[in-house]
Amino acid sequence: MRKIDYIVIHHSATLDGETFSWEAIRKYHIETLKWRDIGYNFGIEKYQGKTFILAGRDISEIPAHTSGLNTNSIGICVVGNYDNEILDLDKKQTLLFLLKTLMYLLDLSPERVIGHREYYVLTQLNLADKRYLSENIKTCPGVNFPMHEIRETLSKKFKVKNSNLFKVLQSFDREFLAKRKVFWV
Ligand SMILES: [Zn+2]
């Protein structure tokens, strides 16, 4: 089993609704991008009012979701566009359930759960390669996605191991959410 240091959260930047998008994402990754399978390890999607956790690439295999961090991470895609929508309670709780399960199994602490845009923070702390920064400068998982709240919730169940990383991520995200109207347009 490969070593997993981070769980990275993404959004699909598409509308979640009455049809399953997961297989369309898989099809796009395989047929258009010519990847061997869908890039993410897990998906979270709402279908006819119910929220599902969907299987992507096996976690023992290297995923394709964040350049510079694929070999040592797991990628979760929450279907929806959180630049426009707010993450609903159902999906938030399903995501927390999945995160807690993975954190327990892989012995990961809350500061190891990041949003795609927070790759930037890792480069600032020399924890990730700056060469991939341009590929990872995005709002993903969306300007409304509450990464600080998710990590805060996780920190009540799981011990923070790198408190500096936790602190920097939390303040980056608060700032990010506060400045979102002007920061990334
Ligand atoms: Zn992303």
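Leu105 has its place in helix H2 (residues 89-106). Helices here are DSSP runs of H or I with at least four residues, strands are runs of E with at least two, and both are numbered from the N terminus. Leu105 has 10 C-beta neighbours inside 10 Å, so this residue counts as exposed. The cut-offs run as follows: a residue is buried if 20 or more other C-beta atoms lie within 10 Å of its own, exposed if 12 or fewer, and partly exposed in between, with C-beta atoms placed from the backbone. Leu105 and Ile59 are 46 residues apart in sequence, and their C-alpha atoms are 12 Å apart in space.

The model is predicted: local features need pLDDT of at least 70, side-chain atom pairs count only at pLDDT 80 or more, and totals for chains, interfaces and linings use all residues. Residue numbers start from 1 along each chain as its sequence is written.

Now turn to the sheet. Five strands form an open sheet with mixed pairing, in the order S3-S2-S4-S1-S5. Strands count as paired if DSSP finds at least two bridges between them. S3 (50-55) and S5 stand at the edges with a single partner strand each, so one side of each has no neighbour in the sheet. On average, neighbouring strands are turned by 25 degrees against each other, direction ignored. Axes for such angles are lines fitted to C-alpha atoms, for helices over the stretch in contact, and angles run from 0 to 180 degrees between N-to-C directions.

Follow strand S1 (residues 6-11). Six of its six residues are buried. Side chains in a regular strand alternate between the two faces of the sheet. In S1, Tyr6, Val8 and His10 point one way, while Ile7, Ile9 and His11 point the other way. S1 pairs with S4 (residues 73-78) in the parallel sense, over six bridges. There, Tyr6 stands opposite Ser73. S1 also runs parallel to S5 (residues 113-115), joined by three bridges. Here Ile7 stands opposite Val113. S4 has a further link: three bridges join this strand to S2 (residues 42-47), again in parallel. Ile44 stands opposite Val78 in S4.

Helix H1 (residues 22-32) comes next. Its buried residues are Trp22, Ile25 and His29. Seen down the axis of H1, these fall within an arc of 65 degrees, so they line one face of the helix. The arc is that of the directions from the helix axis to the C-beta atoms. S2 and S3 are among the elements that cover these buried residues. The other side of H1 carries exposed Glu23, Lys27, Glu31 and Thr32. Just after H1, Lys34 takes a positive phi of about 60 degrees.

The last stop is H6 (residues 163-178). Its buried residues are Leu169, Asp173 and Phe176. They cover an arc of only 60 degrees around the axis, which puts them on the same side of H6. On the other side, Ser163, Asn164, Lys167, Ser171, Glu175 and Ala178 are exposed.

H6 meets helix H5 (residues 147-155): their axes come within 8 Å and cross at roughly 145 degrees. Met147, His148 and Arg151 in H5 contact Phe166, Leu169, Gln170, Asp173 and Arg174 in H6. Contact means that the C-beta atoms, placed from the backbone, lie within 7 Å.

Technical notes: Contact = placed C-beta atoms within 7 Å.
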